[in-house]
Amino acid sequence: MWADNETEVDLLGFDFLVDTLVVALTEPRLLPLTVGLLGDWGSGKSSLMRITRQELLKIRDDEESPSRYVCVQFSPWQYEDYDDVKVALMTTVLDAIGPRAGSDQQEQVSRLRRFVQGLGRWGRRGGRVAVSAAQTAAPFAIQAMDPSMDPQVLDVTKAGVNAAASELNKLLEDPKAKEVAPGNGTAEAITDAGRFRTEFAKVIRTLEDVDAVVVFIDDLDRCLSETVVDTFEAIRLFLNTPKTAYVLAANQAVVESAIDSRYPQLRRPDGTGIGADYLEKMLQLKVAIPPLSAPEADTYVNLLLAELRLDDEQFRKVLDETRCRREAGNLQVAFNVGVAGAVLGDVPPDLVRDLNWAASIAEVLGGGLRGNPRQLKRFLNNLLLKHRSAQRRKITLDLPVLAKLMVLEEQHFSDFQRLFDWQLTSPGSIPELGAAESIARAGSTTTESETDEDTSPPKEGETAEYSGARRSSVSNRGRRADKQPQVAEEVRAWANKPHVRTWLRLEPPLGEVDLGPYFTYSRDKLAFGVAVTRLPPHLQELLTRVQADVAGVRRLACDEIGKLPGDGRVQLVEALVEVLTRRPGGPAFVAALELAERAPDTLSVICDALMRIPPEAVPRGQAGNAVRRLPADNPMVSALLDRWQNSDAPGLKGVISAAREAQRRSGRR
């Protein structure tokens, strides 16, 4: 499996982004520079920064000399509980440049350290820094709030802020401090942000054989709003000097939201905040990490599997070939089983098998996980973890079958739950799944080889179970039959969903496979409790049908439940209520409303269950049905609707109010 950490090995084909960063950071005319490395969570920002840092460290005069770039790593998220993130960042930078400073610069560095330590210790100096920050930030924030502000008005505002700050600084002022500098008599202590920045710039400028100090700041989008703003303020007030560059990795939307939260009083009349304008001022260059395309996701998954199965020398050859192929563009798969054969000659059988099943799911998986490298890696880790866990118990699970099930679970959980519900009522293979596969494949272009029995031998890399499932499903397609007419309508509706149809066509076919053992290891969020599992088979089947997507199937099931003998009806309603409280947003919500309407003796139990659901979890799209289906004159119903209407759950109050008003109008007519 693979560690979920940043890496120095580029499996994502980000060379072009690394080049962009290196070119910008090594251009003296651009310094000082603040770069925003922007991308979603898990898009590869940390790895990209690490690779860029390694490239900068290679730039040196000769093999014996140090790099011409001082690279600093900093994560403000690790200092959330620290007294002052600004102090932590400034200390980290000074620690990095200290070893490169000459003997005549060490005293300056020491004075800078004492000022930074003072920021953390003394409230007076902390107060002066805050005042200094306010002098700088307030006019900017006001102008960001209204960019069209008259310049004269802005000047008056600045004058007012500066005058107030001057008076406050007098109150916070310390007695004049002097420091003795060896050989130079006396040197005035650093007591404010401006003096610190001047002295810091002098140190950086006189560092020998250093072209720039580059600070890589990661995890900014994990931080609290105060930490985000403090990090920017440390750069702007203290550290933004010639020969410095700052690379900040973050999700832009998250950081903008954090800035908006930090300055709620500066929101515009239309409700928008200053976050976007703030970032626009702070970041001189933005480098956006795009999501992986389907071919890129395919290549990435294949390289991860190759890393797992190949030795270091073989994997190096694979990487070299992949890089060459990527130079022609990233719109084609740069590594697959064919490329592996061309590079390695004899490809390990385990890798052939892995690349075969990965090829069948990579496009759907890459699209469903939005081309996110971290989610792709976590999916593969989860897959192999479950497979190895089964092996420890001597349970044979075919990786392609398990992978296909997990794709459905990861991307469309309600459909995965439906498949599991069918499994509960059908020990062994699932008739509904076989019928759904026939429907999905009939809708595609059918060839003669697909309609006749497949007697071909196992494909290279296929296990016997995988191959047998493929041949058995094809040979039995024509004789599949649904158990009941009403089930066929539900199966057809399920199979005709575009995403389900795409999933059903993936290899391998599962209609003839007993999926029971697979659900043991692929059911992370499935809803089935004691009340469900103790139902006899015919009631489990009825519970499945009452939660069907097809309205006619649900209504027939509700009528059947109403005709059940007392004990059976109680058992089934208890099971439905359990599913409802576990997954309020699922099909059980609609089923419960229809059952309460068509079987009035279940109303009190269902209302009680709905009262236990937090209003925030009530599905907005179905909440109005509760008003239309449940009897308004029932005290329990009134209490339930009042609870929803008076809640703070976004949108719920409006839905219930509108539905009740429509009901009143209908009653008057």
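Here is a conversation about how some labels on this predicted model follow from its computed values.

Biologist: What ground rules apply before we talk labels?

Modeller: The model is predicted, so local features need pLDDT of at least 70 and side-chain atom pairs count only at pLDDT 80 or more, whereas totals for chains, interfaces and linings use all residues. Residues are numbered from 1 along each chain as its sequence is written, and side-chain values use heavy atoms, with hydrogens and water left out.

Biologist: Okay. How many helices and strands does the chain have?

Modeller: It comes to 32 helices and seven strands. Those are DSSP runs numbered from the N terminus (helices are H or I, at least four residues; strands are E, at least two).

Biologist: What share of the chain counts as buried?

Modeller: Of the 669 residues, 50% do. The cut-offs are under 20% relative accessible area for buried, over 50% for exposed and partly exposed in between, with a 1.4 Å probe and protein chains only. As for contacts (heavy atoms within 4.5 Å), take those with a separation of 6 or more: 76% of them join residues 24 or more positions apart.

Biologist: Let's look at the sheet. What is the strand order, and how do the strands pair?

Modeller: It's an open sheet of five strands, ordered 2-5-6-1-7, with parallel pairing. Two strands pair if DSSP finds at least two bridges between them.

Biologist: Why are strand 2 and strand 7 called edge strands?

Modeller: Strand 2 (69–74) and strand 7 (285–288) have a single partner strand each, so one side of each has no neighbour in the sheet. The twist from one strand to the next averages 20 degrees, with angles running from 0 to 180 degrees between N-to-C directions and axes being lines fitted to C-alpha atoms, for helices over the stretch in contact. Helix 3 (residues 85–97) packs on the sheet and touches strand 2 and strand 5. The direction of helix 3 makes about 150 degrees with that of strand 2.

Biologist: What makes strand 6 largely enclosed?

Modeller: Seven of its seven residues are buried, so the rest of the structure largely encloses strand 6. Thr244, Tyr246, Leu248 and Ala250 point one way, while Ala245, Val247 and Ala249 point the other, and all are buried. In a regular strand the side chains alternate between the two faces of the sheet.

Biologist: Now the helices. Why are helix 11 and helix 15 called oblique?

Modeller: Helix 11 (residues 294–309) and helix 15 (residues 373–392) have axes that come within 11 Å and cross at roughly 45 degrees. Under 35 degrees counts as roughly parallel, over 145 as roughly antiparallel, 65 to 115 as roughly perpendicular and the rest as oblique, therefore this pair is oblique.

Biologist: Why is Leu580 called buried?

Modeller: Its relative accessible area is 1%, so Leu580 falls in the buried class. Leu580 sits in helix 27 (residues 566–582), and its contacts beyond four places in sequence include Ala588, Phe589 and Ile613. The C-alpha atoms of Leu580 and Ile613 are 8.7 Å apart.

Biologist: And what makes Lys394 exposed?

Modeller: Lys394 has 75% relative accessibility, so it counts as exposed. Lys394 lies in the loop between helix 15 and helix 16 (399–411), and its phi is positive, near 60 degrees.

Biologist: Where are the cis peptide bonds you'd point to?

Modeller: One joins Leu31 and Pro32, with omega about -5 degrees; another runs from Glu507 to Pro508, with omega near 0 degrees. Most peptide bonds are trans.
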